[in-house]
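Subject: Structure for you to look at

Dear colleague,

I am passing on the structure we talked about, and below it I set out what was found. Please have it open while you read.

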Amino acid sequence: MIQLKTMLNCIDNSGATVVECIANMKMKRHARIGDRIIVVVQKSRNLGETGPSGGAGSVTATKVRRGDIRHAIVVRTAKKVQRPDGMVVKFDDNACALIGKNGEPIGTRINGVVGSELRDKKWSKILSLASQHV
C-alpha cells in the first residue's frame, strides 16, 4: 500500500532511481499495484553528463532530473496482495514505472519483476516492456 511520502524504487530506464509519492490519483488512502500516483524524483542517475572530451562516446541523456514531478504506475508493493484464485503475493520492495500524462511509459525498458495485476488494470504496455511478471 502506497501513501503520501512513501519512497519507491523506479525500475525503468527513464533516469530516476528513487521517487517519493506525493499524491494518489484515485483519491483513496492507499495505492495498490496498477494504481496511478504522482511522484517527485528524489535521486536520479548521472548518465546525461558529458566528460571533458566534449561528449565523444555513447552517453545516453536522462529523461528526468531530480525534483521533477511525474506520474507513475505502482508495479510492486511490499504489502501482501491476495489474488482471486487464493494466491498471496508479496514483493521485497515498493517500485513504480514513470509514465507521461497521456499514459505512455517514459522509459523504454523495465528492469525486474512486475505484478500481474497490471493486466487487470489495462496497463499491458508496461507488462510488455517488463522482463518478468508474477
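The accessible surface of the protein, calculated by the Shrake-Rupley method with a 1.4 Å probe and, for residues, with only the protein chains shown counting as cover, comes to about 7900 Å², and 50% of it belongs to carbon and sulfur atoms. Please keep in mind that this is a predicted model, in which local features need pLDDT of at least 70 and side-chain atom pairs count only at pLDDT 80 or more, while totals for chains, interfaces and linings use all residues. Residues are numbered from 1 along each chain as its sequence is written, and side-chain values use heavy atoms, with hydrogens and water left out.

The protein has two helices and nine strands, taken as DSSP runs (helices H or I, at least four residues; strands E, at least two) and numbered from the N terminus; their order is β-β-β-β-β-β-β-β-α-α-β. Of the 134 residues, 41% are buried, where buried means under 20% relative accessible area, exposed over 50% and partly exposed in between (1.4 Å probe, protein chains only).

Ser-116, in the loop between β8 (110-114) and α1 (117-120), is buried, with a relative accessible area of 18%, and, neighbours within four places in sequence aside, Ser-116 is in contact (heavy atoms within 4.5 Å) with Arg-83, His-133 and Val-134. Lys-28, in the loop between β2 (16-24) and β3 (36-44), is exposed at 54% relative accessibility, and its C-alpha lies 9.0 Å from that of Gln-3, although 25 residues separate Lys-28 and Gln-3 in sequence.
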